[in-house]
Amino acid sequence: MADQYDVVVVGGGPGGYVCAIRCAQLGLKTAVVERERMGGICLNWGCIPTKALLRSSEIWHLLHRLNEFGMSAENFKFDIAKIVARSRAVSKQLSDGVSFLMKKHKIAVIPGEARLAGKGKLSVTKDGKTSDVLAKNIVLATGARARTLPGLEPDGKLVWTYREAMVPPSFPKSLLVVGSGAIGIEFASFYRTLGAEVTVVEVLDRVLPVEDEEISAFAAKAFTKQGMRLKTGTTVTALKKGADNVTCTLKAKDGKTEDVTVDRVILAMGIVGNVENLGLEAAGIKVDRTHVVAGKYGETGVDGVWAIGDLVGAPWLAHKAMHEGVIVAEKIAGVKGVHPLNTANVPGCTYCWPQVASVGLTEAKAKETGRKIRVGKFPFIGNGKAIALGEPEGLIKTVFDAQTGELLGAHMIGAEVTELIQGYVIAKTGELTDQELAHTIFPHPTLSEMMHEAVLAADGAALHI
Amino acid sequence: MATNILMPALSPTMEEGKLAKWLVKEGDTVKSGTLLAEIETDKATMEFEAVDEGRIGKILVPEGSEGVKVNAPIAVLLEEGESADAVPAATPAPAADIPAAMKDIAAAVKAETAPPFPSPLVGEGGAAKAATGEGAALKPDGKRLFASPLARRIAASKGIDIAALSGTGPRGRIVKADVENAKPGTKTAPAAVAASAAGGVGVAPLPDARLLYPAGSYEEIPHDSMRKAIAKRLTSAKTLIPHYYLTVDCNLDALMAVREKMNAAAPKDKDKKPAYKLSVNDFIMKASAMALMKHPDVNASWTDTAILRHKDADVGVAVALDFGLITPIVFKAQSKGLVEISNEVKELAKLAKEKKLKPSQYEGGGFSVSNLGMYGIKNFTSIINPPQSCIIAVGAGEERAIVVNGKIEIATVMTVTMSADHRVVDGGTGAKFLQTLKQFIEEPASMLL
């Protein structure tokens, strides 16, 4: 007799395990099917280990500035193997933590790959053996993986995806990063800060193309100053692999081509959903361009089957997946007043140096909506704490609806902005207007004061500039 | 420094009022307690006193102005030596300008709603508009209204009564989408208010009656503030409170006899005017008070979290006015004698007719009596007067044929119908109360027991 559950979540990533915990909290008998390690890409091969790597590069960067802070040291060096080992240890600690959380909430973890096998049934395959799991509700949370393009396929040795880039066996002297979204730019930043020659290729006309144009431009300037080579409006047409290097042919918009030879290539051209081998078609679940088509509460259209996270589409962010996991869990449990996720209120963070964070509409997108807007800006140079930290470069920008005072968007670049953005997210979620923000007291001296100033600036009333 | 004198909130529910009359003029010196103006609210005309001393620099709102919003500047008070054109800046009120008794509520409302300073972001006049639009911080049923600042601001700019909306945000909070989805036409329709407050699917507002009659076939009498208050309050009461009704006949023969004796015994002054003249209604007031003390579960008020059982029998009496009606209250009626009640009712009715009742004389109460017997009405039903839970509608005492021990006899009989809030008073409870009331009315002496 197969085990019978109220909910079985397929995929133990941030969307899946959070969904499972919420289900268990709501009294549902819950299991998670995971083919690798609990925590998914986020914990094991994404958000978390890269933050550990970037912390190392940040310290390396500060070591080079010791003089500025009245200190000196000589002969400091890094050991890439140790940096990677620390990153792996961080991942392991957190993945173990998730396993512990599963135990604590009495959630069964079923190792293997799951496939829909008729109404209320999954077949789980592990080491060639298949068994059935019965579930009144199935939540698909299988996530996504790196996109590849014809001619731009990873080989795991010379041409990497995020996965190999995270555990380099040796430190490459030169790198070409294809794609300047969050993943590409974080690796570019990590390797450049540690001294690699880095070229970033972006098909669109600016780096971090989803960010506000002004923030993109600010970032591009900062990266260029750090010695990164940015090739926007450019595609990679061919990769010619040598023994321990790759010659890449770059083609600019104007048709000019250029060959660049680098030690390694990192492909970061977006992601595709893990929709294969799930039995979606047989179950009658629609898939559109590698993503499951789901309703605003994660409904797939098939009774008792739900889908969340990267599998269902953008924005491809762990916190969005987690929130969707909670929504679906509460829907399944029949909680009243569950609200769908509002993508306008999902923040995005890129942990390069300088950091980038944003929520809501860019200035251009806000203008496109046809409304009158007011934009406020405040630079880090006007903030006491930023100066004291030695981080005078950065910008905070707010976009308000001129008529209603609604905060349409906020965009930041500079030290620790990924920690600051939540303030604006709360404001957006709570539907605070410029007035409430203007009358909020921000502690002094903090970087957060710039958030206040950027609000006041939209009104021409910034105090410290 | 010159300060603004602001339109006072004379009751917790007051949103606007009429500046009926100025009692000072520009240049007058005033001190704390000086009468400044007469303010007419939806219920009464009240005198407004100065809190600080100084000189009236400028009167900003001429007398006779209607619909003056609470906390709007109405005059400028100058300190000694200041000239009249000193600082007549119109800024929203600090809470200190609100009479102490109303401070808590008014301040709570203000804190939630008033934009702390007019922001240029809002555009011209936008801040002021936002402030007035946000005046309705309570739902029609008196509950706190939860709405996001953005929803409030959009509602204010669109002229939508936010209290009339139901929220779809977290825990029913009114959010931007709710305001954007609201039709401006539905903004103040009471039916829509009730439907949304009760969580209904929405009731279509009644069409404007003017559309149904040819122009010139009617005279238009604009609502005064009391009419507006009656409309708003009774619509809420009748739609939000689950009313049910109990009717009982009372034999008045004994009461009439006692009343006659008592009135005959009233001492007379030198003009031969008796010191009191008890009415049947005075007996009903007293009987109600005594019955309430015996049935405290009827002398109660509903709140979302608890029933408030009142310790005193504060009995309201509906007073018909030429321009509306009001229900002043005889407080602690259980401890008052018939003569005291009688004189107090007469005094309250007089004050009501002169629009001189203070809010403290008509707000609260545990029970009400409405008597239309003097018009020959046999029986009717009343709308409950919240926060009270029950009201009795008293008909005329008239000679009727009754059956006593199998024989038809003549007796003076009066029909009493009680409206009760079923959330507070269940049928059996209401019936037992009415049984006691009937006994007290039929045998007034039993009230002495």
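## Around A:C19

In this predicted model, A:C19 is in contact with A:V9, A:V139, A:A141, A:I308, A:G325, A:V326, A:V328 and A:A329, once its neighbours within four places in sequence are left aside.

## The nonpolar cores

A:C19 also belongs to the largest nonpolar core, which has 140 residues, and it is listed with A:V8, A:V139, A:L140, A:V177 and A:V265 as the residues that touch the most other members. Helix α9 of chain A, covering residues 318-333, gives the most to this core, with eight residues. In soluble globular proteins, nonpolar side chains tend to be buried together.

## A helix pair in chain A

Helix α3 (residues 47-63) and helix α4 (residues 80-104) of chain A have axes that come within 8 Å and cross at roughly 145 degrees, and the crossing of α3(A) and α4(A) is right-handed. On the α3(A) side the meeting residues are A:I48, A:P49, A:A52, A:L53 and A:S56, while α4(A) brings A:I83, A:R86, A:S87, A:R88, A:V90, A:S91 and A:L94. Sorted by class, this contact has seven nonpolar, three polar and two charged residues.

## A helix pair in chain B

In chain B, helix α8 (residues 280-294) packs with helix α11 (residues 427-442) at an angle of about 135 degrees, their axes being 9 Å apart; α8(B) and α11(B) are therefore oblique to each other. The crossing of α8(B) and α11(B) is right-handed. Among the residues that meet here are B:F283, B:I284 and B:M290 in α8(B), and B:F433, B:L437 and B:F440 in α11(B). By class, the contact of α8(B) with α11(B) has nine nonpolar, two polar and one charged residues.

Technical notes: Residues are numbered from 1 along each chain as its sequence is written. Chains are lettered from A and ligands numbered from 1 in the order in which they are written. This is a predicted model: local features need pLDDT of at least 70, side-chain atom pairs count only at pLDDT 80 or more; totals for chains, interfaces and linings use all residues. Axes are lines fitted to C-alpha atoms, for helices over the stretch in contact, and angles run from 0 to 180 degrees between N-to-C directions. Helices (H or I, at least four residues) and strands (E, at least two) are DSSP runs, numbered from the N terminus. Angles under 35 degrees count as roughly parallel, over 145 as roughly antiparallel, 65 to 115 as roughly perpendicular and the rest as oblique. A crossing is left-handed if the near helix is turned anticlockwise from the far one by less than a right angle, and right-handed if clockwise. Two residues are in contact if their C-beta atoms, placed from the backbone, lie within 7 Å. Ala, Val, Leu, Ile, Met, Phe, Trp, Tyr, Cys and Pro count as nonpolar, Asp, Glu, Lys and Arg as charged, and the others, Gly among them, as polar. A nonpolar core is a set of buried Ala, Val, Leu, Ile, Met, Phe, Trp, Tyr and Cys residues joined through C-beta atoms within 7 Å. A residue is buried if 20 or more other C-beta atoms lie within 10 Å of its own, exposed if 12 or fewer, and partly exposed in between; C-beta atoms are placed from the backbone.
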